[in-house]
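Open the model in your viewer and keep the selection panel at hand.

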Amino acid sequence: MKTMTCKELGGACDIKIQAASFGEMNELSMQHSMEMMQQNDEAHIKAIQNMKEIMQNPMMMNEWFAMKKAEFDALPED
């Protein structure tokens, strides 16, 4: 298992997310973001809007994904 914060994954808070793979980390991060959006958390809504802008450009999205995966891969196991 490895741990990253919501902020490290492009979010808005310091909640810690643990996962065994980057794919799982990405999924858990998205679930957290959606929960916070449903609670009308302004900081998370803004972070989601920023991610939507990145997603509009496939090249930027691929670069972002590769960068975050490399950060995950470099983390020590918990």
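Axes here are lines fitted to C-alpha atoms, for helices over the stretch in contact, and angles run from 0 to 180 degrees between N-to-C directions. Helices (H or I, at least four residues) are DSSP runs, numbered from the N terminus. This is a predicted model: local features need pLDDT of at least 70, side-chain atom pairs count only at pLDDT 80 or more, and totals for chains, interfaces and linings use all residues. Residues are numbered from 1 along each chain as its sequence is written, and side-chain values use heavy atoms, with hydrogens and water left out.

**Stop 1: H1 and H2**

Select 22-38 for H1 and 42-55 for H2. The two pack at an angle of about 130°, with their axes 8 Å apart. That angle makes H1 oblique to H2 (under 35 degrees is roughly parallel, over 145 roughly antiparallel, 65 to 115 roughly perpendicular, the rest oblique). Now show side chains. In H1, His-32, Ser-33, Met-36 and Met-37 make the contact; in H2, the partners are His-44, Ile-45 and Ile-48 (contact means heavy atoms within 4.5 Å). By class, these residues are 4 nonpolar, 3 polar and no charged (Ala, Val, Leu, Ile, Met, Phe, Trp, Tyr, Cys and Pro count as nonpolar, Asp, Glu, Lys and Arg as charged, and the others, Gly among them, as polar).

**Stop 2: H2 and H3**

The axes of H2 and H3 come within 6 Å and cross at roughly 115°. Pick Met-51, Ile-54 and Met-55 on H2, then Pro-58, Met-60, Met-61 and Trp-64 on H3. This contact has 7 nonpolar residues, no polar and no charged.

**Stop 3: H1 and H3**

H1 and H3 pack at an angle of about 115°, their axes 10 Å apart. They are therefore roughly perpendicular to each other. Select Phe-22, Met-25 and Asn-26 in H1; they meet Phe-65, Lys-68, Lys-69 and Phe-72 in H3. Here the classes are 4 nonpolar, 1 polar and 2 charged.

**Stop 4: the largest pocket**

Which residues lie nearest the centre of the largest pocket? Select Met-30, Ser-33, Ile-48, Met-51 and Met-55. They belong to a lining of 17 residues. H1 gives the largest share, 7 residues. Colour the lining by class: 11 nonpolar, 5 polar and 1 charged.

Note on methods:
1 Å grid on protein atoms, 1.4 Å probe; cavity = no way out; pocket = protein on both sides within 12 Å on 5 of 7 lines; lining within 4 Å.
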